Structures are given as C-alpha cells and as structure tokens.
Amino acid sequence: TLNCAELSAADPTIVLGKLFGYGQNTGLPNIPSKGQPGLLEEADGGVIFLDEFSLLPQQAQTMLLLPLEGRPSHPAVGSGEPKTVSVKFVLATNRDLAAEVADGEFPRDVYERVANDSIFIPPLRDRLADIPHLTSRFLSEVENDEAMCCTVSPSVSALLLGYGWPGNDRELRRIIR
C-alpha cells in the first residue's frame, strides 16, 4: 500500500526510486551500492494499492504505464537490467479523472489505461444501509484499541443515519472513535 499523497510534493528521484527501485552504483546516500528494490519489485506476484493515485507526480504516473501494461522497466536511478513484474494494481482516488483529463489536469494516456476497470463507490450519504455495519466495525476497533465495550443507542443510530457524511467513512470512523 502506498499513499500517493505523501509523495505529491517529493523529489521525482525519490518517488521513482520508491516505486521502481534503485540500480547499482547510484551514489545516493543510504542506498546500498548493489541497489535497492522498489515497491513494484517487492509486490511482484501480488497486489499493490496506490491510494490517492491522482496525487502521484505526473512523471511517476507516466512511468507506471510500463508495469501497468506488463512491460519491463528500468531502475529509477543507477544501472540495472530492465525487470518485468507481475503485479495487480488497485488504484483509488476521490477525484473525477474524466473531468480532470478534459481540463488538462490529468494525463489522458494514463487515464485511458486505468479507466476501463473502474469501480465507482458512492458516497456514504448514498449508502445509508452501510452505516450500521461500518459503525459496528469501527466500534470493534475502539474496543480492541482501548479494551472497552461500546454500544450505540437507538437515538444515536438515528442521528448517524440522518447526517450527510461529507467526510464519508473516514468521518464516521473519527466520530465513533
């Protein structure tokens, strides 16, 4: 799992190195001379979840086109053989990427490769039936963290169901905590 928002303002070399790894003899401090694998290589054979994908710097989004298509890629810095990874990508964003493409704010070629297999999850205010289940789950988290027993009264349940939830499930989790 990678929260791309954490990398949105980072140096491109760091972002690409984190994803694609560092080859041999980079000369960078804290990187072994033999290189260091990136998240893609570490996730080989598995799944990588890129949360807030739209906030990943554009250069990194474009470089991800290679592994998204199953093509080999080189280490971000230093020398090394190209590697092909077998990774399933799960990308998440709360932005309207189609609108951002139309406005020139998101690369069309990246969008065209990731938009085919989209799953739209409506906001929590449109999924009121999920609130009791999520509330129960978040209460379980509190009970596990705090070693306490918690319940929600019927009047509080009614308040939870009547609220608009602009912060979606994250807001519900915060309120339950």
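Start by selecting strand E2 (47–51), strand E3 (88–91), helix H5 (97–102), helix H6 (108–114) and helix H9 (168–176): each of them gives at least two residues to the lining of the largest pocket. Helices here are DSSP runs of H or I with at least four residues, strands are runs of E with at least two, and both are numbered from the N terminus. This is a predicted model, where local features need pLDDT of at least 70 and side-chain atom pairs count only at pLDDT 80 or more, while totals for chains, interfaces and linings use all residues. Residues are numbered from 1 along each chain as its sequence is written, and side-chain values use heavy atoms, with hydrogens and water left out.

Which residues are the closest to the centre of the largest pocket? Pick out Leu-91, Ala-92, Thr-93, Ile-119 and Ile-121, from a lining of 33 residues. Now colour the lining by class: 19 residues are nonpolar, five polar and nine charged. (Ala, Val, Leu, Ile, Met, Phe, Trp, Tyr, Cys and Pro count as nonpolar, Asp, Glu, Lys and Arg as charged, and the others, Gly among them, as polar.)

Next stop: the second largest pocket, with a volume of about 260 Å³. Select Phe-20, Tyr-22, Glu-41, Pro-75 and Lys-83, the closest to its centre among 21 lining residues. H1 and H2 are the elements that give two or more residues to this lining. Its classes come out as seven nonpolar, 10 polar and four charged. For both stops, a pocket is an open set of points on a 1 Å grid over the protein atoms alone, where a 1.4 Å probe fits, with protein on both sides within 12 Å along at least five of seven lines; lining residues have an atom within 4 Å of a point. A volume is the space filled by probe spheres set on the points, which are joined across faces, edges and corners.

Now zoom in on helix H1 (residues 12–20). At its start, a side-chain oxygen of Asp-11 comes within 2.7 Å of the backbone nitrogen of Thr-13. Just after H1, Gly-21 has a positive phi of about 85°.

Finally, zoom out. The C-alpha atoms fill a box of roughly 65 × 45 × 30 Å, taken along the principal axes.

Key. A polar contact is a pair of N or O atoms within 3.5 Å; within protein, one must be able to donate a hydrogen and the other to accept it, and residues adjacent in sequence count only if both atoms are side-chain atoms.
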